[in-house]
Amino acid sequence: MRTQRILVGSGVAVATLMVAGYGIASVVVYNRLTRIKTCPVAWASNDPTAFRVLSADGGPVAGHENFDTTPYSMPVPEDVTIPSRDPGIELRGWYVPSAAADAPVVVIAHGLSACRRDHTVLLPAGMLHRNGFAVLLVDLREHGESTIEDGHYAGGTEEYLDILGVWDWLQEVRGVAPARIGLAGISLGAATVLIATGHEPRVAAVWADSSYADLPAYIRDQLARDGYPTVLGLGAVLAGRILHGDDLAADSPISNARRIGARPFFITHGELDRLIKVADGRDLAAAAEADGGAPQMWIAPGSGHTQAMIDQPDEYERRLVAFFQASIAR
């Protein structure tokens, strides 16, 4: 009996250690994958009037060291502070009006650990602005100069309320009709505007560049790429709930793609994207089609993550401008 009790006790101890080890590893994974880095210091001089194409480490993007952004420069923007639909969250942004007082407006959301100073926001903004659109570039919560809560992103499951706060503000403060407001997002921003569009049926049109389809699935993919057991993905989601009340599995771009219906929806993704699989873009399109939608899609040949706009700027601009001209500029 004594031997049996020892064996049982040892088994319990081993199981306890395994659970504790899994919990610790899950927290480490959660922190590693969701902690927000500040915008690189090198980006500080980027604004709508003049900007450079820079990588996340602040250096030039390989192969695009001499990319000329001059044609996409915009007038001095208005600094704006906008409340999120989530009480207590304030968002900082730039509003660049068009010469035409009644011009349609496109809200542009950045990617993870970026901000409105990123060329992936400024470049499409410049493309739209020089074609007659007003643009609003916004820092999502936890990023840039907007409210910092806990330094972690929620994969769009909370940030979508920021985008809807901006959408509300354009109507209430600037007097823009909902039918004249479009949403565009890059990477995390793309996931965020997709969720926002699914929750707000009056959003007129949405452009999604390099969005993931489902955040827990993306986390598992990232773990596999980094050589970690994918089973830690479930623990990372649980860690987010416990540590910060962020439910990363509560909502997803793909579930909201099914709610877009017949509204104009454009998906673009780099063929060689190694960060977010091009299959995610195709899955989003299939989900929208299953709900009766007819999304447009461009898989940019030879491009990596969010790089189609600098690899093929003329084609990117043609498609971006044509999409919003047909959907919100009528």
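**View 1. An open sheet of eight strands, with mixed pairing, has the order S1-S2-S4-S3-S5-S6-S7-S8.** Strands here are DSSP runs (E, at least two residues), as helices are (H or I, at least four), numbered from the N terminus. Two strands pair if DSSP finds at least two bridges between them. At the edges sit S1 (78–83) and S8 (296–300), each pairing on one side only. On average, neighbouring strands of this sheet are turned by 20° against each other, direction ignored. This is a predicted model, where local features need pLDDT of at least 70, side-chain atom pairs count only at pLDDT 80 or more, and totals for chains, interfaces and linings use all residues. Residues are numbered from 1 along each chain as its sequence is written, and side-chain values use heavy atoms, leaving out hydrogens and water.

**View 2. Strands S5 (residues 181–186) and S6 (residues 205–209) run parallel, joined by five bridges.** Look for Leu183, whose bridge partner in S6 is Val206.

**View 3. Helix H10 lies across S3 (105–109), S5, S6, S7 and S8.** H10 runs at about 160° to S6; angles run from 0 to 180 degrees between N-to-C directions, with axes fitted to C-alpha atoms, for helices over the stretch in contact.

**View 4. Helix H2 (residues 119–129) packs against H10 (residues 313–327) at an angle of about 60°, their axes 9 Å apart.** The contact (heavy atoms within 4.5 Å) is made by Pro124, Met127 and Leu128 of H2 and Pro313, Tyr316, Glu317, Leu320, Val321 and Phe324 of H10.
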